[in-house]
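Okay, thanks everyone, I'll keep this short. Let me put the structure up and then walk you through the ligand surroundings.

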Amino acid sequence: MNTDLDQVWQDLALCQEVDPELFFPDQGDHASAAAAKGVCAACPVRFECLTDALVQRERYGIRGGVSERKRREIKYLPHRCGHCSSPVLDPDPRRVYCSAICRSSAEKSRRALKRTAA
Ligand code: SF4
Ligand SMILES: [Zn+2]
């Protein structure tokens, strides 16, 4: 059942603007899978999408940038990156950032803030 909240994030889904088939690549079609994951990487609702797919145990297609095979391996819900709000695929809550790029960007911002305050 879709709630109003589901509708809000689904309205922002970037995949609405591309061929839906892209998100259901044939086995071994790495080029299509990479293209779909590229769309997800730029999608503003990636966290909501992946969380929904995990909660609903969505069996087919790439959701939130993660293939169905990889989703089957995930036994926890993601948390949000402290910098970009993307999903962090690590059950350890001490892992604050989704990537080294986000960690380093957050550290740079913190240093810049400190300089401004000094
Ligand atoms: S994360 Fe990917 S599959 Fe999910 S809504 Fe965004 S573009 Fe679509
Ligand atoms: Zn991030």
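Let's start with Cys 49, which sits in helix α3; helices here are DSSP runs of H or I with at least four residues, strands are E runs of at least two, and both are numbered from the N terminus.

Quick housekeeping: this is a predicted model, with local features needing pLDDT of at least 70, side-chain atom pairs counting only at pLDDT 80 or more, and totals for chains, interfaces and linings using all residues. Residues are numbered from 1 along each chain as its sequence is written, while chains are lettered from A and ligands numbered from 1 in the order in which they are written.

So, is Cys 49 buried or exposed? Cys 49 is buried, because it has 25 C-beta neighbours inside 10 Å; the cut-offs are 20 or more other C-beta atoms within 10 Å for buried, 12 or fewer for exposed, and partly exposed in between, with C-beta atoms placed from the backbone. Skipping neighbours within four places in sequence, Cys 49 contacts Ala 13, Cys 43, Arg 63 and Gly 64, where contact means backbone-placed C-beta atoms within 7 Å.

Now Cys 43, in the loop between α2 and α3. Cys 43 is buried too, because 21 C-beta neighbours fall inside 10 Å.

Note on methods: Contact = placed C-beta atoms within 7 Å.
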